[in-house]
Amino acid sequence: MLYDAAHLRTHGEDILDNIITFNKSRLQSLLLGNLEPQLQEEVQCSLETPRFRRVKRVEARRYISVYEKKATRDGTILEFAKLDYNILQAIYCDELKELTVWWKDFQSQTYLSFARDRMVELHFWMLGVVYEPYYSYSRIMMTKFIVFASLLDDLYDNYSTTMESNTFTMAMQRWDEQTTEQLPAYLKALFINILNTTNKIEEELKLMKNKHADLIKRLVIDTAKFYHAEVEWRDEHYIPTSVEEHLQISTHSSVCMQITNLALISLGDVTTREDVNWALTFPKIIRGACIVGRVGNDIVSHEREQTSEHVTSTVQTCMKEYGVTVEEANEKLRIIIEEAWMDIVEDCLEQKRPMVLLETAINVARTMDFMYKREDAYTLSFSLKDVITSMYVNSV
C-alpha cells in the first residue's frame, strides 16, 4: 500500500522517490520467498502497475476474484460488484453490436486492406476512458473517432505516397466533398465516409443540445494534420536533436488530446467552452497523458517499426541525443514517463478544472499505459485476448 501510495508523488518529493526505490527492492525480494499465492499476486500487480494507474474496469474484474477469496469479504458488497460488472458487460456488448453494424457498412464502401481491423480493441480502449453505464453514446462516438484515427495512422504511416498524403490532408482541411476530384478512388471513398460519419455525429450532438458539437470536425481534421506532419519528418529523414523537440510534434499525433476532448464534449453541460479550449492547449495533464502514450508506444514498437521506412521514434532521438544504446535510451525514456505521471498528479492536486474532467484525462493515460505496458497490444492484439474475453464474454 505504501508503494502504491508513493506513486502519487510530484516533482521534487525526494522522500517518496526513496520510498519507491526502497519498497520496490523489498517487494521484489519478497517474491523470491514463500508468500501466499494471493499476496504474491498483489505484489506482482503493484510492481507492474501501481494502483493509481490501473484501468478501472480491468482492475474491477481482477479484484472481484481477489476479494472473493478473502475470509473477511462482505457478501453483499461482492454480490453488488458482480451485478454491476455483468450489467455493464451487457451494455458494452450492445454498443459493440451497433458499432460492428456501422463498421461493416463502412468497410463495404471503402478500400481498407492497408489498415488494422480492431473494432473490439478500440471499443475496449474507449471504455477505459469513460466506463459508466450512462456514457454509452460517448463510447460509441469516441470509438468511431478512434477508428478514423487508426485508419489515418495506417494510411499516412504505411500506405499513401507523399503526394497522396498532401492532397488528402488538403481535402480534409477544406472539408468539402467537391475537393476530392484529384484523389485516387480509395482515398476519395475514405474521405467521404469520414466526412459523412463526422457530420452525422455533429448532428446527433446538436439534437442532444450539446454546445460543443461544432468542434468534432476540428478534432478529426487536426488528427489528419498531425499525422501529415510526421510524414514530412519521415520524407526528410529528419531526426530531432532532442527528445523534447520530438515530443513537440509527436505528442499531438498520439491523439490523447483529441480523445480527452471528445470525452469532455460528450459530458454535455458539465463541460464549458472554456474547459474545451483549455484541453486544446495541451495543458500539463493532457501533455502528460500524451507522453505516456507516445513514449510507451515507441519503446515497445521501435524495433518492429524501424524494419520499414518510418518516422524517427523517440528511442532513436534519445540514442542520438545522449549517444547511448537502445536499452539505455529506453531507461531514460521510462524516466520521462515517470515525470509525465508527476505532471498528471500535479494538475490533479491543483484542480484548476472540475475533477470529473481531470479524471477523464487520467483515464486516457491509464489506457495508454495498459496498451503499451509489455508490447504494442493494439497492433499485436492477441495479447489482449484474455482481458477482452473477460470484458465482453465471460460474466462473473
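These notebook entries record what I looked up in a predicted model.

**Basis.** I number residues from 1 along each chain as its sequence is written, and side-chain values use heavy atoms, with hydrogens and water left out. In this predicted model, local features need pLDDT of at least 70 and side-chain atom pairs count only at pLDDT 80 or more, while totals for chains, interfaces and linings use all residues.

**Entry 1: the nonpolar cores.** I looked up the largest nonpolar core, which has 115 residues; such a core is a set of buried Ala, Val, Leu, Ile, Met, Phe, Trp, Tyr and Cys residues joined through side-chain atoms within 4.5 Å. F124, F168 and L190 have the most contacts inside this core. Helix α7 (residues 136-159) gives the most to the core, with twelve residues; helices are DSSP runs of H or I, at least four residues, numbered from the N terminus. Another core, of five residues, lies apart and includes Y3, A6, I20 and L27.

**Entry 2: F168.** I then listed contacts (heavy atoms within 4.5 Å) of F168. Leaving aside neighbours within four places in sequence, F168 is in contact with L152, L155, Y156, L183, L187, L190 and F191.

**Entry 3: E59.** I found E59 in helix α4 (residues 56-68). E59 counts as buried because its relative accessibility is 14%; buried means under 20% relative accessible area, exposed over 50%, and partly exposed in between, with a 1.4 Å probe and protein chains only. Not counting residues up to four places away in sequence, E59 touches R51 and R54.

Note on methods:
Helix = DSSP H or I, 4+ residues; strand = E, 2+ residues; numbered from the N terminus.
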